[in-house]
Amino acid sequence: MRGAPLFNWCIPAKAGIQSGHEPRERHRALGSRLRGSTLVFVATLFAAFGAPATAQDRLPPAPYAYQQLADPAKEAKAKALMETLRCLVCQGQSIADSDAPLAGDMRHEVRTKIAAGESPDAIRKWLVARYGNWVSYDPPFDGATALLWLAPLLFLAVGLWLAFGRLRGGGGGEP
Amino acid sequence: MRSRWVLFVPLAIMALLFGAFVYRLTVPAETLIESQWIDKPMPLFDLPPATGGVAGLKSSDLADGRPRLVNIFASWCIPCRAEAPQLEALKAAGVPIDGIAIRDRPEDVAAFLRENGNPFDRIGADVQSSVQIALGSSGVPETFLVDGKGIIREQIQGVILQDDVPRIMAKLEAMK
């Protein structure tokens with residue numbers, strides 16, 4: 001593993017070069033939606049982050065980034081899957097929610113695979129094999145997540161134990 | 001006597017939680033997502049040339065017996081410029097380097113090579129990031145160390161620094 005601070009991901013570095021990785025944009029999404037006085041806000045944002053203005057590609061989005069599949073059933077499958085896949089460069093958003101180019105390219109990838117008849121499960125597995133469970137909002141049951149899945153049962157057991165203790169002890173009166 | 005101490009348990013739990021939140025707010029979580037596609041063969045792809053005068057890149061090019069670097073870059077990526085001298089040094093030392101240009105236009109790639117030099121034997125154009133996704137890569141620049149059989153042995157996320165050059169050369173040498 002390499003030094004952490006140099007490769008800070010999502011926050012654009014003050015002088016581009018400081019960040020090892022290029023955060024794959026966020027500004028295009030802002031630009032297309034905001035107008036008028038909000039431009040001042042955007043300008044402030046740019047000033048605040050000092051993100052290099054050239055640090056975004058000039059290609060149009062991939063065909064299926066913003067275009068639905070013609071078959072509604074397939075589109076529904078793709079949409080459901082995309083909502084449970086995590087955007088890699090705008091962490092905390094699903095690829096369905098993000099306007100980052102990489103998220104758009106991933107939507108294109110998902111829709112293309114669905115259109116070709118692949119199952120959502122297979123596509124999720126395909127991505128997990130590359131990015132790890134991190135990319136999925138549907139964590140599997142394994143060593144790392146066992147506590148997560150079992151905690152409700154655990155708390156229920158503790159609650160029952162306390163409740164029964166209280167009820168049984170209640171007859172004996174307070175010490 | 002014991003029951004009085006029990007009263008403090010919720011406060012202690014709250015203090016712990018508060019401490020945990022403050023910690024995470026001040027020390028953000030490590031957000032690098034490493035590729036899991038390591039010690040696996042290069043995914044199959046056949047990318048057209050990213051710009052005139054340099055050949056495109058297909059996965060079968062990467063299994064010619066020589067260990068090499070596959071560098072994921074883009075002309076719009078500013079850190080990639082900082083990486084150029086190190087790639088030049090590796091190239092000069094005889095390391096074969098192939099490139100994959102992400103979401104790029106031919107004229108921009110040409111300008112990038114003019115300004116920063118061209119250490120690449122071939123450059124494939126990955127217009128929709130499909131090869132990048134198939135590699136489990138999430139940004140630029142990234143560099144994959146690939147052995148002579150086309151098996152990916154390591155992923156380097158971020159800029160290759162001067163200090164990294166000897167280690168990379170030693171690792172590639174060991175793969176021969």
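This is a predicted model: local features need pLDDT of at least 70, side-chain atom pairs count only at pLDDT 80 or more; totals for chains, interfaces and linings use all residues.
## Architecture of chain B

## Burial, contacts and surface of chain B

Of the 176 residues in chain B, 52% are buried, that is, under 20% relative accessible area with a 1.4 Å probe, protein chains only. Among contacts in chain B with a separation of 6 or more, 73% join residues 24 or more positions apart; contact means heavy atoms within 4.5 Å.

Chain B exposes about 8,400 Å², and carbon and sulfur atoms supply 63% of that area. Accessible areas come from the Shrake-Rupley method with a 1.4 Å probe.

## Packing of helices α4 and α5 in chain A

In chain A, helix α4 (residues 101-115) packs against helix α5 (residues 120-131) at an angle of about 140 degrees, with the axes 10 Å apart. α4(A) is therefore oblique to α5(A) (angles under 35 degrees count as roughly parallel, over 145 as roughly antiparallel, 65 to 115 as roughly perpendicular and the rest as oblique).

A:M106, A:E109, A:V110, A:K113 and A:I114 of α4(A) make the contact with A:P120, A:I123, A:W126 and A:L127 of α5(A). Seven of the residues in this contact are nonpolar, none is polar and two are charged; Ala, Val, Leu, Ile, Met, Phe, Trp, Tyr, Cys and Pro count as nonpolar, Asp, Glu, Lys and Arg as charged, and the others, Gly among them, as polar.

## Basis of the values

Residues are numbered from 1 along each chain as its sequence is written, and chains are lettered from A and ligands numbered from 1 in the order in which they are written. Local features need pLDDT of at least 70, side-chain atom pairs count only at pLDDT 80 or more, and totals for chains, interfaces and linings use all residues, while side-chain values use heavy atoms, with hydrogens and water left out.

Terms used
Axes are lines fitted to C-alpha atoms, for helices over the stretch in contact, and angles run from 0 to 180 degrees between N-to-C directions. Helices (H or I, at least four residues) and strands (E, at least two) are DSSP runs, numbered from the N terminus. Buried means under 20% relative accessible area, exposed over 50%, partly exposed in between (1.4 Å probe, protein chains only).
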